[in-house]
Amino acid sequence: MKYISTRNKENFASWGQAIINGISKDGGLFVPESIPKISNIKSLLNMDYRELAYEVMNKFFVDFDKDSLRNSIDKAYDEKFSKKEIAPLVEAGDLHYLELFHGATFAFKDMALSVLPYLLKEAIKYTGEEKEIVILTATSGDTGKAALENFADVEGIKIIVFFPEDGVSNIQKRQMLTQEGDNTFVVSINGDFDDAQSGVKKIMNDNRFIELLENRDYKLSSANSINIGRLVPQIVYYFYSYLNLLKEGKIKEDEKINFVVPTGNFGNILAAFYAKEMGLPINKLICASNENNVLTDFINTGTYDKRRKLILTSSPSMDILVSSNLERFLFHLSGGDDKLIKNAMESLEKEGKYEVEGLDQEDFKGYFSTEEEITSSINEVFMEHNYLMDPHTAVAHSAYKKYKLETKDNTKTVIVSTASPFKFGTKVSNSIGIDTKDKDDFSIIEKLGEMGNLDIPNAILELKDKKIAHKNNCNKEDMEKMVLRILEIGDNR
Ligand SMILES: *Cc1c(COP(=O)(O)O)cnc(C)c1O
């Protein structure tokens, strides 16, 4: 199976090259030339998470050594996850919540980033890459920590994370700034997430810069969801939750279900789309945005228009105006029309918008939630079902309410729950009536644990006394310089 670029199908890579490079040299993203199918879904019924992960990932990484793949998966999905199911499905009222936040850093990014280091190591073996890998990552809060945690002290790899100084929650920031490991570097930038993401993409497409690094035996890669190695592991839990419902008799064989996915960079929901294309019986995919509602508008009008101000919300991991992975979705939807994608992406860069006509997005619905709606969703679900949602999950819950009101659709629905409420303690506390005024983050979290009758993860409690290990800061224009400084390379271009 080849991986081809969304902007020029002639540019292709093996799975290994695609994972190492992260992005195609023409600026496009790698996609599988065709999406594989799983025909007999029922045959997967009794698999645990790891076995299922192998079945799904093996379809995409066909010539990945089979034992190595099994091994990678076994090492990734182990006791780092606090629940043996890895991705438990929790019922509250009429809805099921697919909890993806039981990994080391308490957000769904762990689902893919716990396995990515192993995939990357195998990719290095497979391709014979000899340079030291430098992973550049832009983060809206969760990817950064998950990447740092999972790549810390991995030999032959350095990791540099850029985050928006004012665009992450306090806990997210502390998680990153206290990261240990000699190969980890964290940089706050004076800008927003889109600045960080476009900065990273720019660096990865700057041929002179790449050459400068290659002469010093460094090779750039990415841990963002532009990397296909992020996307493929995320397909697994859509199958997993479906099979779980089937096993428990909550749905019948072949019965379709809905997923509601809180969306920023369109990675998680794209993985759901891949699952659907692979044959998983999905009715609607509901794309939930916060007040940065570019995607809602796009789904409703066919025009993507980023010319608006980025709003800082209580769901910072979705404060994004340029959703990278939409590019992959449009590529598939247009039947692989690389010219169309290239033009659209150029137009987005130059004019801040693009329009696509005649693409059938029937399977997708888009809604967004305001801060008040997020608050009332957190409150309502807690009061009625004693279930605590984080603000990102609440965006999805609130979007679902709108969907339901509009369509009266009674299809069984899974809300994708992407973060632990403890990562966003203040918003969650305020929503359920805890007064947080003049209280520090940790006493807020403690109170929240009491109220919700939940154990606070140790790794969160420990943040309180951990020492700050990273102090780098730069302007968004100076990200290249920062990379050179970190790698101790003089710039005499
Ligand atoms: C990253 C993230 C999202 C958005 O996921 P995308 O794949 O970027 O759409 C939603 N919720 C949380 C908690 C996240 O960390």
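1. A pocket, on a 1 Å grid over the protein atoms alone, is an open set of points with protein on both sides within 12 Å along at least five of seven lines, whereas a cavity is a set of points where a 1.4 Å probe fits but cannot get out; lining residues have an atom within 4 Å of a point. Grid points are joined across faces, edges and corners, and a volume is the space filled by probe spheres set on the points. The largest pocket has a volume of about 910 Å³, and of the 34 residues that line this pocket, S198, G199, K201, K202 and E349 are the closest to its centre.

2. This is a predicted model, in which local features need pLDDT of at least 70 and side-chain atom pairs count only at pLDDT 80 or more, while totals for chains, interfaces and linings use all residues. Residues are numbered from 1 along each chain as its sequence is written, and side-chain values use heavy atoms, with hydrogens and water left out.

3. Which elements give two or more residues to the lining of the largest pocket? They are α8 (193-204), α13 (326-333), α14 (338-351) and α20 (479-486), where helices are DSSP runs (H or I, at least four residues) and strands are runs of E (at least two), numbered from the N terminus. With eight residues, α8 gives the most. By class, the lining of the largest pocket has 10 nonpolar, seven polar and 17 charged residues; Ala, Val, Leu, Ile, Met, Phe, Trp, Tyr, Cys and Pro count as nonpolar, Asp, Glu, Lys and Arg as charged, and the others, Gly among them, as polar.

4. The second largest pocket has a volume of about 430 Å³, and of the 21 residues that line it, K83, E99, F101, H102 and L454 are the closest to its centre. The lining of this second pocket divides into 11 nonpolar, six polar and four charged residues.

5. An N or O atom in the side chain of K109 is 2.6 Å from an oxygen atom of the ligand, and a polar side-chain atom of T418 lies 2.8 Å from a ligand nitrogen atom.

6. For the domain "Tryptophan synthase beta chain-like PALP", UniProt lists residues 99-418 in an unreviewed entry, and such annotations may be inferred rather than shown by experiment. Over residues 99-418 the chain is 47% helix and 18% strand, with the end C-alpha atoms 7 Å apart.

Conventions:
A polar contact is a pair of N or O atoms within 3.5 Å; within protein, one must be able to donate a hydrogen and the other to accept it, and residues adjacent in sequence count only if both atoms are side-chain atoms.
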